[in-house]
Amino acid sequence: DYVAGNPKGDVSIVEFFDYNCGWCKKGFPEVVSLIEKDSNLRVVMKEFPIFGEDSEYAARAALAARKQQKYWELHSALFSHEGKITKAVVDDAARALGLDIAKLQTDMASAETSSILQQNQALAQELAINGTPAFIVANQLVPGYLPHADLAAAIAGVRKDGSCNNL
């Protein structure tokens, strides 16, 4: 999984998201703000495409973009786009970022990409996550959109009670 923030941070947040989830889009700037303000925060990104083919295409493209060291850039571009994320939007964003589209398409179709999505689906099912966004803060599942203040409070609570752990 892609890790944003500090890979060795003392508090881990895992976010399950879909690029076509309005609440995920609303929360994206708040997650970015947390990462920028907290140098000891580790955010693990879990692609969880639940809104159809376009969402799966976007998730596959983001995962494939890792092979070109452009995951975060594509992730940010997709969450910054106003409106529905379609295959055309994904392709346009990838081109604008200078991704090698032929390589991206090959990596999107790879067994590795499929395996990551299958593992994310299985983990979500095991944790009874059936919507996006869903956050795991340290070892607590928090479903739904969380404003910046609530996420920051959850992080502070983990640090205060000493339950910091990396997932």
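Visitor: What makes E1 and strand E3 (residues 41-47) a pair?

Guide: In this predicted model, 4 bridges join E1 to E3, and the two run antiparallel. Two strands pair if DSSP finds at least two bridges between them, so E1 and E3 qualify. By the way, strands (E, at least two residues) and helices (H or I, at least four) are DSSP runs, numbered from the N terminus.

Visitor: Why are strand E1 (2-5) and strand E5 (140-143) called edge strands?

Guide: The open sheet has 5 strands in the order E1-E3-E2-E4-E5, with mixed pairing. E1 and E5 are its edge strands, as each pairs on one side only.

Visitor: Why are helix H3 (residues 71-80) and helix H4 (residues 87-96) called oblique?

Guide: Their axes, lines fitted to C-alpha atoms over the stretch in contact, cross at roughly 135° and come within 10 Å. Angles run from 0 to 180 degrees between N-to-C directions. Under 35 degrees is roughly parallel, over 145 roughly antiparallel, 65 to 115 roughly perpendicular, and the rest oblique. H3 and H4 are therefore oblique to each other.

Visitor: What are the ground rules?

Guide: Residues are numbered from 1 along each chain as its sequence is written, and side-chain values use heavy atoms, leaving out hydrogens and water. Local features need pLDDT of at least 70, side-chain atom pairs count only at pLDDT 80 or more, and totals for chains, interfaces and linings use all residues.
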